[in-house]
Amino acid sequence: MNKRKIVNDPVYGFINIPTELIFDLIEHPYYQRLRRIKQLGMAEYVYPGALHTRFHHALGAMYLMNEALMTLRSKGHEISDAELEAAQIAILLHDVGHGPFSHVLESVILDKVPHEHISFLLMEELNRQLGGALTLAIKMFTGNYERKFFTQLISSQLDVDRMDYLNRDSFFTGVREGFIGADRILKMLDIVDNQLVVEQKGIYSIENFLTARRLMYWQVYLHKTSICAETMLIQIITRARELIRAGENVFATPAFMIFLKNEVRLEDFIADISYLEAFAEMDDYDIWACVKIWAKHPDKLLSNISKMLLDRDLFKIHISDAPIEASYLEKIQIDLLSNPSVQESDLPYLIIQGNTSNAAYVSGKQNINILTKDKRVLDIAEASDLPTIKALSNIVKKYYICWAKNVYLR
């Protein structure tokens, strides 16, 4: 069987599947599941074109990894074929541990288990199945490989993961402000003392990259309508879990039911592979199938919020630069309780407060380093003559409150 395939990608054009091992990994059910997990969670409620998946994204990141390493090779840095393949595998599988709706449900379905930990466990299981073929890739993924620039390309403030998702998310949402010149950045990469640097002539591309990232966070990733839809989905699953644990009859797919019934922690994944296998069966379709059925459940909270989400009858949302005032919350509570179908015990599901933050660049944390013409290595915030780059290091925090303005629990 010919395993040297070519994929036609809408963002980069043709992507080569470079080795038989990578082809086998793409064909594996763990990776194929990513076709059924949307990259941007609920962003399609704002941007109808945001239907691309983690499958797309990981392929694109693999392509950029190859481009980056080819550039470094051309500048005289020794990179073996084994390292090249391992780095591409590490980035190809970096998101394999994402659950349904990507980041949206990460803290709801599991008990404080980040997707990176699940990715590591799935990579270890793949490594077992493939007789140790992923050992080097896992070292790079976990930061245990002595050549640290490989890990920086996989996970840092200037990694190929971010480069791909900015370009890809910009493309599919139509938010052109998120577009970055990834090819230009990649051509400017170099290595000094085993660390990734960017040649000084690429500094403007880095400035654009950081600005684009900030804009994409506020316009796409933290868009108020996305936050609202995500909040509703979280409330739906929280209610379903409460009913199930109280002994109520609530439908769920077999894999999803395991995580609704149990608080599954990292130790549980490590101790019992059945949890990992169940997790690897779940995707967005499990959630949507449940939400559609829950829309007709006898419990009025579960059914009403499910139907509202399906019909895009979203909660209202108010966002503020300061914490939400108690008087504002009290007014919403009084307004909701004036509805005879709403009880005070319903309010935790109908009013949700939270906060969100955005820092486009954090100095001192996996710095983006610039190699100056006189061979000095400087942090981008120090090397740039734009005051906005320093400003991008400031963490901007916003507070929000969502509530079901037109709910009728009949």
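Residues are numbered from 1 along each chain as its sequence is written. In this predicted model, local features need pLDDT of at least 70, side-chain atom pairs count only at pLDDT 80 or more, and totals for chains, interfaces and linings use all residues, while side-chain values use heavy atoms, with hydrogens and water left out.

Most residues other than glycine have a negative phi. Asp 193 is not a glycine, yet its phi is positive, at about 50°. Asp 193 is found in the loop between strand 3 (189-192) and strand 4 (195-199). Strands (E, at least two residues) and helices (H or I, at least four) are DSSP runs, numbered from the N terminus. Asn 194 lies in the loop between strand 3 and strand 4 as well. Its phi is also positive, near 70°. Asp 193 is exposed, at 72% relative accessible area. Asn 194 is partly exposed, at 25%. Exposed means over 50% relative accessible area, buried means under 20%, and partly exposed lies in between (1.4 Å probe, protein chains only).

Aromatic rings were examined next. A pair of aromatic rings is described by the distance of the centres and the angle of the planes. Rings of Phe, Tyr and Trp (its six-membered ring) pair if their centres lie within 6.5 Å; planes under 30 degrees apart count as stacked, over 60 as edge-to-face and the rest as tilted. The count comes to 13 aromatic pairs. One of them joins Phe 256 and Trp 294, with centres 6.2 Å apart and planes at 35°, so this pair is tilted. Phe 256 belongs to helix 13 (residues 254-261) and Trp 294 to helix 16 (residues 284-294). The pair links distant parts of the chain, 38 residues apart. Phe 256 is buried, at 1% relative accessible area. Trp 294 is buried too, at 0%.

Tyr 328 and Trp 403 make an edge-to-face pair, because their planes stand at 80°, with the ring centres 6.3 Å apart. Tyr 328 lies in helix 18 (residues 326-337) and Trp 403 in strand 9 (residues 396-403), so the pair ties together parts that are 75 residues apart in sequence. Tyr 328 is partly exposed, at 30% relative accessibility. Trp 403 is buried, at 12%. Elsewhere, Tyr 145, Phe 149 and Phe 150 form one aromatic cluster.

Charges also sit over rings. This requires NZ of Lys or CZ of Arg within 6 Å of the ring centre and within 35 degrees of the ring normal. Arg 35 lies over the face of Phe 55, at 3.9 Å from the ring centre. The charged end of Lys 398 sits over the ring of Trp 218, 5.4 Å from its centre.
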